[in-house]
Amino acid sequence: MKGIRLCPLLIVFILAFSFRFYKLSSYPVSLSIDEVGFGYNAYSIIKTGRDEWGMKMPLVFRAIGDYKPAIDIYLTVPSVYLFGLTEFGVRFPTALLGALTAVIFVMILFEFGLSRPASILGGLWLAVNPWHVHFSRGNFEAIIALFFLLVGVWSLLRWNKSMKNRYLSLSVMAFALSVWSYNAERLFSPLLFLILSFLLRGNLRVIIRNPKLLIAPLVILLIFITPYFYLGFFTEAIRSRPLSTSIFREAGLMDSLHRGTYVNWIERLLDNDIYLIFRHWAGKYLNYFDLRFWFWKGMGYTQPGDPDLGLFYIVDVIPILSGTYLVFSSKNKLFRAIAVTWLFLGPLPASLTMNEQHTIRSLTWLPFFGFAYASSIEFVIKNVRRLRTISVVYFALLAVNIAYFANLYFVHYPKYYSEYWQYGYKEIALYACGHIDEYNEVIITDTFGSLGPLNTGIPYAYVLFYCQYDPNTFLANGRRISKISFRRPDWPNDSLQKNRLLIGSPWDLDIQEIPMEAIIRVTYFKNKQRSFIYADTR
Amino acid sequence: MRITNNVRHLLLFFVLCPGFWWGIINSTNVFREIGKSPHYFQGKLGSIYSYERTERIKATKNANVDLGLPGRLVGGFFFNEFTIVVDEFFDLTSFLSPRFFFQAGDGSLMSPPRTEPIPLVLFPAWVLGIITIVRKKNFGLLKILIILVFIPYILGQKNLVFLWPVMILYIFIAREGIMNIGNIKTKNNYLHLFVVYGVFVVLRSFYLLLR
């Protein structure tokens, strides 16, 4: 069977591209803490060859202490170089790779043996999928990791058919890059690779009989794995983030454990810690198998109790559920084995962390649903009459669903959740830097929120980013920004010193306490709640 | 003989599920709860189109007001009472949640304490069982499932009193899944695993009850 032509792949790419790049700088409404961190570290690499902590070309970026995987930041370097330290510059790599993921997905489906129409429609499905589109529009490492993961899977399938060694080398490299890209893939990618290797063991035997063919893939593996093990065993870089988010940080679990102190042997047998941990984990894992999460509430664009959007469009309920059955019943053994593996393995990394139904950590699961969808399309194309009528109805409903998604994403989500994207800190940073010469000191709050001081931000990162603060100066000053402090201002005490600019949340600066002439500016979140108050003591 | 073996086999599955025992142990409470059904039904009916719910829909619709007339039209189109129907549909599906049956239970006296009603190891078998039932076109079973789950949904009671019949059906489905594993060795291994784990969770649930 010949390959897929360039034209359909281009159509998939253009559709995916348009969904991801439309008003990319404006939505989401603000750069997140992670995004400014990525951007500024990329900027620092461009300017000095070092990260914000002064480490030369690090393999892991310390950032705010969460040791971010390096791939995303290094991919952001050329983007920031070309487009500047801007929202677009930071978000460009993820949006582009997110769009390319839809193309790779078409190729994977085709490699599995699905028909051209089913493969292309599978790619189009991913191109407009709200779960993937949402995270492609912010700089999220999970998108980059998923891209490399799928490249790895595709190359392995290509190698399986063609037995050309370059595909095996590419696969090893892509899987390794996915591990270096995001924490979830650190568990998922090696597991998937091992399972795939087992499923393709017939061809692996050919290689083992001819060891020279293994040299290139092994060398590539060693290049990527050696520093990883070094960082894992001799530094906190690899384990820091997983430890801080694991289920072992949950009080509900830890308080229930006996930790070796059992009353008697019966308790040790029937109420042991291994079972308690297993059961706790199982709750998190099974919580992902929830139709409401998949099709109605998963994205969390509105407030609890309000109409919302799931990870997939409602119109895809029947294709995905019937497709799941078709996957299990598929006569294509390899496709069936891989897809079923993906179904059960997909939520595993996310289930080992504290949060329930975490959409970004479970992004590894997305391809399974694409497999189910494509299987359903394949079945319909081959077996169902009145294909035209069904197609018209389906695509009409899909268009309505997409319009609904657009309304939620561009109107409701910013309105309800702008503060969770640190909305307002850009303005603070630009104002502070623009007026720094007028003051002896600028104090910027790090705690804010419309319901109370519930959110803690990292405002220094926004000042570094938007003021394009020189990295050398930042390091030379001991990671301080001249004349700017980051703490909650206190008007009664701080106003005693003249020539200070205080920028605080309404919980820091009571507008009733401050003389009117001292208030320079009041800003608001998108939900029209007061966000920050600018007051000066001149 | 074949039928007897099947029944015996099925009974073994029931016996090794803590949730099965809890329906029997708490039969007094079960009847008491069933007696409250009319009250629950009224409560559920009242909550479907409640004031709070319709106000939330209005608030969501009003989020589009700033966009002018097109925004209001879009808001009116997407955010209306039909969303309650959708919400109720997914509320119904939540009564089928595998987490409830294979991990959490309902946390009340009607559910085994801190133990899953159906042994967790049967979850993959349950998935396979659903596939098997569909493949065999045994849609009667699925229709029974829908009817059985509709009862607790319409009463608004997500507990093992009203979901006990659904649980029984889930156990049956899981058994179907195991029995239709093609590889004899895999099937036997899975059965052995289930027996060992099932004995453990049943003993555990009684231990915690008596402690």
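Student: Over residues 334–352 of chain A, how far apart are the end C-alpha atoms?
Tutor: The span is 84% helix and 0% strand. Helices (H or I, at least four residues) and strands (E, at least two) are DSSP runs, numbered from the N terminus. Across residues 334–352 of chain A, the distance between the end C-alpha atoms is 28 Å.

Student: What kind of model is this?
Tutor: Residues are numbered from 1 along each chain as its sequence is written, while chains are lettered from A and ligands numbered from 1 in the order in which they are written. Local features need pLDDT of at least 70, side-chain atom pairs count only at pLDDT 80 or more, and totals for chains, interfaces and linings use all residues; the model is predicted.

Student: What does UniProt call residues 334–352 of chain A?
Tutor: UniProt positions are in the numbering used here, feature names are shortened, and annotations may be inferred rather than shown by experiment. The entry is unreviewed, and its list for chain A includes 309–327 and 334–352. Residues 309–327 are 58% helix, with ends 25 Å apart. UniProt's name for residues 334–352 is "transmembrane region".

Student: For residues 190–210 of chain B, what is the helix content?
Tutor: The unreviewed UniProt entry lists this span, too, as a transmembrane region. Its end C-alpha atoms lie 30 Å apart.

Student: Which domain does UniProt list for residues 76–227 of chain A?
Tutor: This span is 87% helix and 0% strand, with end C-alpha atoms 22 Å apart. The entry is unreviewed, and its name for the domain is "Glycosyltransferase RgtA/B/C/D-like".

Student: Is the peptide bond from Tyr27(A) to Pro28(A) cis or trans?
Tutor: Pro28(A) sits in the loop joining helix H1 (6–21) to helix H2 (33–48) of chain A. Omega is near 5°, and the bond is cis.

Student: Is Met163(A) buried, partly exposed or exposed?
Tutor: Met163(A) is in the loop between helix H7 (141–162) and helix H8 (165–181) of chain A. Its phi is near 60°, positive in a residue other than glycine. A residue is buried with 20 or more other C-beta atoms within 10 Å of its own, exposed with 12 or fewer, and partly exposed in between, with C-beta atoms placed from the backbone. Because 13 other C-beta atoms lie within 10 Å, Met163(A) is partly exposed.

Student: Is Arg479(A) buried or exposed?
Tutor: Arg479(A) also has a phi near 60°. Its loop runs between helix H24 (471–476) and strand E6 (484–486) of chain A. Because it has 12 C-beta neighbours inside 10 Å, Arg479(A) counts as exposed.

Student: How many residues of chain B that touch chain A are nonpolar?
Tutor: 29 residues of chain B contact 27 residues of chain A. Elements giving two or more residues to the chain B side include helix H5 (51–62) and helix H12 (184–210). Ala, Val, Leu, Ile, Met, Phe, Trp, Tyr, Cys and Pro count as nonpolar, Asp, Glu, Lys and Arg as charged, and the others, Gly among them, as polar. On the chain B side, 7 are polar and 4 charged, and the nonpolar count is 18.

Note on methods
Two residues are in contact if their C-beta atoms, placed from the backbone, lie within 7 Å.
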